[in-house]
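Here is a short briefing on one protein model. Look at the sequence and the structure first, then read the points below.

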Amino acid sequence: MVTGIIKNKIDKIWTDIWAGGITNPLTVIEQLTYLMFIRSLDEKELETEEFENMTGEKMVKIFPQSAVGQSMRWSKFKNNDPRQIYDVISQRVFPAIKNLKYGRLPDFTEQGELIEIEDEPDSTNRNNTAFARYMSDAMFLIPTPQILQKIITGLDDLYEHDIADLDMQGDLYEYMLGKLATAGKNGQFRTPKHIRDMMVELIQPTPDDIICEIPTQLLIQSGDRLCA
């Protein structure tokens, strides 16, 4: 269970994101999940490197061994200038994790073009397909380098000083999901863009139309039934 200092630190990270303009709790959780995943990849790589040093056995690496590939690791970029961190994540790390395949991240050319990982012969790895499908529409939405640096610093402090060696990943997600029930605390639920676009396409409003939105809570209190 998340309590005390851990709860306060998660709340601080959440508030930093909210202050940056992201007020939809679902979007906050989504963006935090991406960053937590990025950090976990480097943690896994560090474990692999430690195993290699102990046994002398060569292992398959997650990150490319090029200078660009190594710069995508959390431990390499976390203490950089905020602008550099933002560029690395938005232009390298995020596109790379969207194209992760067979447990490996793709590399980039000197011109910054992504080098896709080729399909392995006779591969039937369903995990790659599922991951690619989930990440196909993923978007990096952290608005500024300063906000991103605050989130990275907050997450790093949390993992290194409060939940190091503790199996609390599930508890963290449970606590964050609990914030969905109190969405009004930090703002409003924003209607996702694809739903807004669909509504406009169906209604086709004109400049002369008057549009009134009735809050869901009022409909529930009045006993009206909502139509999907």
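Predicted model: local features only at pLDDT ≥ 70, side-chain atom pairs only at ≥ 80, totals over all residues.

**Overview**

Residues are numbered from 1 along each chain as its sequence is written, and side-chain values use heavy atoms, with hydrogens and water left out.

**Fold and surface**

- The protein has 10 helices and two strands. These are DSSP runs numbered from the N terminus: helices are H or I with at least four residues, strands are E with at least two.
- Along the sequence the order is α-α-α-α-α-β-β-α-α-α-α-α.
- Take contacts (heavy atoms within 4.5 Å) between residues at least 6 apart in sequence: 63% of them join residues at least 24 apart.
- The accessible surface is about 14,900 Å² (Shrake-Rupley method, 1.4 Å probe; for residues, only the protein chains shown count as cover). Carbon and sulfur atoms hold 53% of that surface.

**Packing of α2 and α8**

- Two packed helices are described by the angle between their axes and the distance between the axes.
- Helix α2 (residues 25-55) packs on helix α8 (residues 169-178) at about 165 degrees, with the axes 11 Å apart. Axes are lines fitted to C-alpha atoms, for helices over the stretch in contact; angles run from 0 to 180 degrees between N-to-C directions.
- The angle therefore makes α2 roughly antiparallel to α8 (over 145 degrees; under 35 is roughly parallel, 65 to 115 roughly perpendicular, the rest oblique).
- From α2, Ile-29, Leu-32, Thr-33 and Met-36 meet Gln-169, Leu-172, Tyr-173, Met-176 and Leu-177 of α8.
- By class, this contact has seven nonpolar, two polar and no charged residues. Nonpolar covers Ala, Val, Leu, Ile, Met, Phe, Trp, Tyr, Cys and Pro; charged covers Asp, Glu, Lys and Arg; the others, Gly among them, are polar.

**Two residues**

- Thr-48 lies in α2. Thr-48 is buried, at 11% relative accessible area.
- Beyond its neighbours within four places in sequence, Thr-48 contacts Met-59, Val-60 and Lys-61.
- Ala-67 is in helix α3 (residues 67-71). Ala-67 is exposed, at 68% relative accessible area.
- Ala-67 and Asp-107 are 40 residues apart in sequence, and their C-alpha atoms are 9.6 Å apart in space.

Definitions and conventions
Buried < 20%, exposed > 50% of the residue type's maximum accessible area, 1.4 Å probe, protein only.
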